[in-house]
Amino acid sequence: MKKTLFLYLLLLLALNFQGQQLSQFSYFTYNYMQYNPAVVGTAPCLDLKFGVRRQWKGFEGAPITGFANIHGKIGKQTKYRYMGLGALVETDDAGPFGYTSIQLAYSYHQKLANKYYLAAGLSLGFSQYSIDYGEMSLEDQVNETAISGAINDFVFPTMSAGLWLYRNNRFYGISVRNINAPKIEGLADSRLNRHYTLANGYAIRVSDELTFKPAFLLNYAGKSRSSLEAQCVLDFKDMVGVGIGARSGHGFSALLKVSAMKYVTFAYAYDVTLNKIRYQGANTHEIIIGIRACRTYDPLHVSCSAYD
């Protein structure tokens, strides 16, 4: 089974990285910063999230992703404009393949008409891609040309940009990650694809205690098919959220978010895979812990339904 997965991953890399190269997350409505740098600064105070995603449990060499991000407002803030600053780290391991990415993100938020704000964001960083050639078992180990020796390539710069239009009960986002499409040395004709993402979500007040939050995410990378994701979460007093999500060509997810303490939130997603991979490793687990340092109320904060 390990040999089969390694060959499958190798094929994806050797064919010019034509599909998704960046991690996808099941609970994307609780993790927008991984997709769009313009989100930086929309939380009411300093916001920290870290988590882990274990994909296709039971599949040897299956991807394991870890991440952490932090962001908040900087500089002078008025009711018309403000700035945000943040950082994110992401690691991914899939058998002999792995990468680590570190990004710094900046955003500028400007008030528009009808209580809307428009944010423009830019992130800059680097990635390190590695392949442990010794862990592979190829049919022609000596003459294989797709990978030459061990690879440990440092890719700089990696750039992403995005726009985020929002008000207290809805948001619209567009972002492009890997804008400069850098090349990875050591892999034949391999280059990081640009990843395009559209996001849209709403916060619909059902009662004084319940809020319904539907959201959509559309991803496209390289020559791969577009991936459409949707989530619906019912939130009770901003303390407990339960919902369901789905991704085209993949399956569906059960979502749970609990505010255990005043400033700490736990989120969990359980994926059920419905494509052919389900025969070897059907399920995926994702855990996110959020910490928010809101000591005092900020009268200038503009609520964004992506976070509040």
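**Loops, strands and enclosed spaces**

K237 is partly exposed, with a relative accessible area of 45% (partly exposed is the range between buried, under 20% relative accessible area, and exposed, over 50%, for a 1.4 Å probe and protein chains only). This is a predicted model, in which local features need a pLDDT of at least 70 and side-chain atom pairs count only at pLDDT 80 or more, while totals for chains, interfaces and linings use all residues. Residues are numbered from 1 along each chain as its sequence is written, and side-chain values use heavy atoms, with hydrogens and water left out.

K237 is found in the loop between strand 11 and strand 12 (strands are DSSP runs of E, at least two residues, numbered from the N terminus). Its backbone has a positive phi of about 55° although K237 is not a glycine. Most residues other than glycine have a negative phi. N178 is another non-glycine residue with a positive phi, here of about 60°, and N178 lies in the loop between strand 7 and strand 8, the latter covering residues 195-202. With a relative accessibility of 6%, N178 counts as buried.

Strand 7 itself, residues 170-177, contains S175. That serine counts as buried because its relative accessibility is 2%. Leaving aside residues up to four places away in sequence, S175 touches Y35, N36, A161, G162, H195, Y196 and T197 (contact means heavy atoms within 4.5 Å).

The C-alpha atom of V258 is separated by 8.6 Å from that of D238, although the two residues are 20 apart along the chain.

The structure holds 3 cavities of 30 Å³ or more (a cavity is a set of points on a 1 Å grid over the protein atoms alone where a 1.4 Å probe fits but cannot get out, and lining residues have an atom within 4 Å of a point; points are joined across faces, edges and corners, and a volume is the space filled by probe spheres set on them). The largest cavity has a volume of about 240 Å³. It is lined by 18 residues, and L88, S101, Q103, S160 and R177 lie nearest its centre. Strand 3 (81-94), strand 4 (97-111), strand 5 (117-131) and strand 6 (151-167) are the elements that give two or more residues to this lining. By class, the lining of the largest cavity has 7 nonpolar, 9 polar and 2 charged residues (Ala, Val, Leu, Ile, Met, Phe, Trp, Tyr, Cys and Pro count as nonpolar, Asp, Glu, Lys and Arg as charged, and the others, Gly among them, as polar).

The second largest cavity has a volume of about 60 Å³. Among the residues that line it are S26, F28, E229, Q231, R247, H250 and D271, and at least two lining residues come from each of strand 11 (227-236) and strand 12 (240-247). The lining of the second largest cavity divides into 3 nonpolar, 5 polar and 3 charged residues.

The protein averages a pLDDT of 83, and 79% of the residues score at least 70 (pLDDT is the predictor's confidence in each residue, from 0 to 100). Over residues 1-19, pLDDT stays under 50, and for this stretch the model has 49 contacts beyond four places in sequence.

Notes: 1 Å grid on protein atoms, 1.4 Å probe; cavity = no way out; pocket = protein on both sides within 12 Å on 5 of 7 lines; lining within 4 Å. Helix = DSSP H or I, 4+ residues; strand = E, 2+ residues; numbered from the N terminus.
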